[in-house]
Each structure stands twice: as C-alpha cells, then as structure tokens.
Amino acid sequence: MPHIVVEYSSGGHGRFDIAELMQALHAAAAATDVMKASDIKIRAVSYDDYLVAGVRDGFCHVSVYMLEGRSDRQKQIVSEGLRAILCETLPQTKSLSVDIRDMDSLAYKKRLNPN
C-alpha cells in the first residue's frame, strides 16, 4: 500500500537514471521493515520548470504516503533510509528531501483487479 512519489528537476543532478533511483528507493524502503516490498508503489514526476530558493538548481523530493499507525520512530527510519539513497545517488543535487505522510484509513479506498 505505501506510495512513494519522487518529484525531481529535469536538470542539476549530473548523470543519473530515474529507474535505478526508483529501484534503490524500493529496496531501501523494504529494508526498513516498516513496509513490505510487495506493497510498495513508486512513481516519478520530472519538472522542467522549477526554482530552488529562487534559482534554477536541481532538486529531488520524495513523498511517502502510508496508512496511519506507524510510530514516529518508524517514520524516521524510513525518512533517513530514503534520504541516504538520495544523497548517495544524487551527490551533486542542490536540494534533497523526504517527507512522510499519514493517510487516513477511513478515507483511503482502493480496488485491486483480481485478474
């Protein structure tokens, strides 16, 4: 169920492969034992128009959406693990950030196709 959304600038990183970053984030998130690998969904959005502190510098921001109920410590473990991957993968990028969001279990609805 956890959703990981990667938002990143189209420039300012040096060379990197978004598919490799997504795989590394998936592995790091699963390694925290806060979520199961088979439940993690990751998507990425690139931005051509962006500013970081008023300047066209590179950024990568990761939002993690999980159903409520995780402890503050669990959220911290996920956040720090994903940030470490960002720092390792994107050492030239000006701004790297991770945010953990609780999803309301009453409001979140999904349908899985049984086929």
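**Exercise 1.** Is Lys-75 buried or exposed?

*Solution.* The model is predicted: local features need pLDDT of at least 70, side-chain atom pairs count only at pLDDT 80 or more, and totals for chains, interfaces and linings use all residues. Residues are numbered from 1 along each chain as its sequence is written, and side-chain values use heavy atoms, with hydrogens and water left out.

Step 1: Buried means under 20% relative accessible area, exposed over 50%, and partly exposed in between (1.4 Å probe, protein chains only).

Step 2: apply them. Lys-75 has a relative accessible area of 17%, so this residue is buried.

Step 3: Lys-75 belongs to helix H2. Contact means heavy atoms within 4.5 Å. Apart from neighbours within four places in sequence, Lys-75 has contacts with Met-66, Arg-70, Ile-100 and Asp-102.

**Exercise 2.** Compare the radius of gyration with the value for a compact globule.

*Solution.* Step 1: take the rule. The radius is computed over C-alpha atoms, and the globule rule is 2.2 Å times the number of residues to the power 0.38.

Step 1: compare. For 115 residues the rule gives a radius near 13 Å; the protein has 15 Å, which agrees.

Step 2: The C-alpha trace spans about 40 × 30 × 25 Å along its principal axes.

**Exercise 3.** Describe the largest nonpolar core and the elements that supply it.

*Solution.* Step 1: define the core. A nonpolar core is a set of buried Ala, Val, Leu, Ile, Met, Phe, Trp, Tyr and Cys residues joined through side-chain atoms within 4.5 Å.

Step 1: list the central members. The largest core has 22 residues, of which Val-6, Leu-21, Leu-25, Val-62, Val-64, Leu-82 and Leu-86 touch the most other members.

Step 2: assign elements. At least two core residues come from each of strand E1 (3-9), helix H1 (18-31), strand E3 (59-67), helix H2 (72-89) and strand E4 (95-103). H1 gives the most, with five residues.

Step 3: look at one member. Not counting residues up to four places away in sequence, Val-64 touches His-3, Ile-4, Met-35, Val-78, Leu-82, Asp-99, Ile-100 and Arg-101.

**Exercise 4.** Which residues does Gln-92 contact, leaving aside neighbours within four places in sequence?

*Solution.* Step 1: locate the residue. Gln-92 sits in the loop between H2 and E4 and is exposed, with a relative accessible area of 60%.

Step 1: list the contacts. They are Gly-12, His-13 and Gly-14.

Step 2: Gln-92 and Asn-113 are 21 residues apart along the chain, and their C-alpha atoms are separated by 41 Å.

How values were computed. Helix = DSSP H or I, 4+ residues; strand = E, 2+ residues; numbered from the N terminus.
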